[in-house]
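Q: I would like to learn how to read the features of a folded chain, one at a time. Could you take me through them with the general idea ahead of each case?

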Amino acid sequence: MNILIIGTGLSGCSLGRMLKDKGHHVEFIEKERRIGGLCVTRTNKDGLPYEPYGAHTFHSSKARIKDFMTQFDAFNGYIHRKGVVINGRLYPFPITKEAIEDFPEKEKILGELKSRPKNIDRTNFERACRSIFGKTLYGFFIENYTRKMWGIPPRTLTADWALKRLELREGRRDDRLFQNRWQGLPKRGYSFLLGKMIAGMPVTLKATNFNPGRYDVVVSSAPIDRLLDLKFGKLEYRSMTFSYAKENAWENMSYGTINLPQHRVYVRKCNFNVLHRRRAKYQFVQYQRSVDFDGQNMPMYPVKTQKNDGVFNRYLREICRSRNICPVGRLGLFKYLDMDKAVEMAFAMVPIVEKYPLMSAEERYKRIKRLVDSF
Ligand SMILES: Cc1cc2nc3c(=O)[nH]c(=O)nc-3n(C[C@H](O)[C@H](O)[C@H](O)COP(=O)(O)OP(=O)(O)OC[C@H]3O[C@@H](n4cnc5c(N)ncnc54)[C@H](O)[C@@H]3O)c2cc1C
């Protein structure tokens with residue numbers, strides 16, 4: 001088949017590689033002047049590597065995903081740990097039983113944990129979190145962070161994120177953020193890795209126009225609402241701005257990132273020396289601030305509200321009715337995907353793309369919707 005892929009982020013590149021390996025002709029268009037989407041690594045003036053779109057730590061327990069990624073570069077073995085600063089003290093995240101012992105409010109927290117409901121309340125994000133953490137821990141770790149991160153009250157978010165990303169590690173000493181077997185960052189960086197992944201496939205940079213008639217399938221990792229000219233209205237995304245500092249100290253050299261729920265401006269910071277396992281004369285720190293997506297900056301996090309999910313569904317139905325455009329990825333499917341999930345979803349999309357021209361609109365919709373809901 002003759003396939004065009006819109007976007008050279010990890011979703012587009014990995015699906016492109018998989019389809020190419022199955023003998024299809026694959027080419028790309030990319031709106032930026034470089035490939036990679038959010039998976040980009042640069043070096044600063046002193047030669048220290050960094051990710052301009054925030055710490056990107058790869059993690060997976062699936063050999064198939066790890067094997068796919070490590071074909072293109074070796075990984076550095078960094079195990080991701082995250083801290084949180086609360087009232088000037090550093091705590092691990094996820095919150096562990098030992099960390100609770102260190103809180104001056106320990107008795108109150110333990111009392112609240114004892115009286116949690118048996119089942120998690122799935123009504124919305126706030127209620128889900130309170131039923132996992134109790135009121136005090138929720139207030140310290142989650143509430144302000146979530147308001148800054150998403151720019152809306154936590155009760156307006158769906159419970160999805162809380163159920164998938166947040167946990168209380170009771171009775172366990174493990175302070176790794178992810179418990180996956182394989183973790184780390186590519187030794188030569190994401191830009192190198194993705195470049196190698198799509199080697200030999202034509203890429204047109206700074207391009208958004210395409211003629212669908214020239215291809216059997218057009219796979220799109222562009223924002224689905226924008227691809228369809230916002231005909232059902234805008235989907236909401238959050239974006240981020242990043243600033244850099246050379247600092248003399250870092251709270252704990254095993255934490256690559258630190259959340260700052262009580263900071264007036266920033267949501268978190270990361271130290272690239274830790275993430276890239278580099279020694280340098282200074283700590284190379286990135287501060288991250290969450291802002292609205294305004295149509296000009298990068299759409300980063302799909303805002304998961306019931307309203308947005310409803311609008312996305314209309315777009316999905318509509319695109320499945322198009323002659324040959326198949327949506328993928330974080331922006332095409334309006335679903336936050338970690339990198340391992342972006343690759344896993346690409347594997348699952350291969351048979352869908354190969355049958356796309358033969359499928360009815362209803363069959364396309366059902367298969368893609370089932371896939372999105374299962375991630
Ligand atoms: C701040 C942040 C931190 C993250 N950290 C981690 C982490 O630590 N670990 C982890 O596993 N995952 C992390 N992720 C998730 C990771 O970034 C995603 O898994 C990955 O970006 C998915 O890639 P994608 O291809 O779906 O989207 P993208 O990377 O956004 O790629 C989409 C591509 O399409 C292009 N494009 C858009 N519109 C058009 C158009 N009309 N025409 C042509 N091209 C177009 C864009 O320029 C872009 O290159 C993080 C995400 C964010 C936002």
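Q: Which residue is the bridge partner of T257 in β15?

A: Before the case, two notes on reading: this is a predicted model, in which local features need pLDDT of at least 70 and side-chain atom pairs count only at pLDDT 80 or more, while totals for chains, interfaces and linings use all residues. Residues are numbered from 1 along each chain as its sequence is written. Strands of a sheet pair through backbone hydrogen bonds, either parallel or antiparallel. Here strands (E, at least two residues) and helices (H or I, at least four residues) are DSSP runs, numbered from the N terminus, and two strands pair if DSSP finds at least two bridges between them. The partner of T257 in β15 is C270. Strand β14 (residues 257-259) is joined to β15 by 3 bridges, and the two run antiparallel.

Q: What is the bridge partner of C270 in β16, and what is the strand order of the open sheet?

A: C270 has Q286 as its bridge partner in β16, and β15 is joined to strand β16 (residues 283-292) by 4 bridges, again in an antiparallel arrangement. The open sheet has 7 strands in the order β7-β6-β14-β15-β16-β13-β17, with mixed pairing. Its edge strands, each pairing on one side only, are β7 (89-93) and β17 (301-302).

Q: Which residues have the most contacts inside the largest nonpolar core?

A: In soluble globular proteins, nonpolar side chains tend to be buried together. A nonpolar core is a set of buried Ala, Val, Leu, Ile, Met, Phe, Trp, Tyr and Cys residues joined through C-beta atoms within 7 Å. The largest one in this model has 90 residues, and F141, L194 and V219 are those with the most contacts inside it. Helix α5 (residues 125-150) supplies the largest share of this core, 13 residues. The core also draws at least three residues from each of domain 1 (2-35 + 198-231 + 303-374) and domain 2 (95-169), where the domain bounds come from an automatic or database domain assignment. Two residues are in contact if their C-beta atoms, placed from the backbone, lie within 7 Å; leaving aside neighbours within four places in sequence, F141 is in contact with V84, F93, I95, F133 and P261.

Q: Where does α5 bend, and why does C129 count as buried?

A: The bend at a residue is the angle between axes fitted to the seven residues ending there and the seven starting there, and α5 bends by about 110° at G134. The expected span of a helix is 1.5 Å times one less than its number of residues. A straight helix of 26 residues would span 38 Å, yet α5 spans only 12 Å between its end C-alpha atoms. C129 lies in helix α5 and counts as buried because it has 27 C-beta neighbours inside 10 Å.

Q: At which residue does α12 bend?

A: Helix α12 (residues 339-355) has 17 residues and reaches 25 Å from its first C-alpha to its last, close to the 24 Å expected. α12 bends by about 35° at M349, with a proline, P351, following within four residues. Among its buried residues are M339, V343 and M349.

Q: Which residue has a positive phi of about 45° although it is not a glycine, and what is the omega of the peptide bond from F93 to P94?

A: Most residues other than glycine have a negative phi, and most peptide bonds are trans. N87 has that positive phi of about 45°; N87 lies in the loop between β6 (82-86) and β7, and counts as exposed because it has 10 C-beta neighbours inside 10 Å. D229, also not a glycine, has a positive phi near 55°. The peptide bond from F93 to P94 is cis, with omega near 5°, and P94 is placed in the loop between β7 and β8 (95-96).

Methods: A residue is buried if 20 or more other C-beta atoms lie within 10 Å of its own, exposed if 12 or fewer, and partly exposed in between; C-beta atoms are placed from the backbone.
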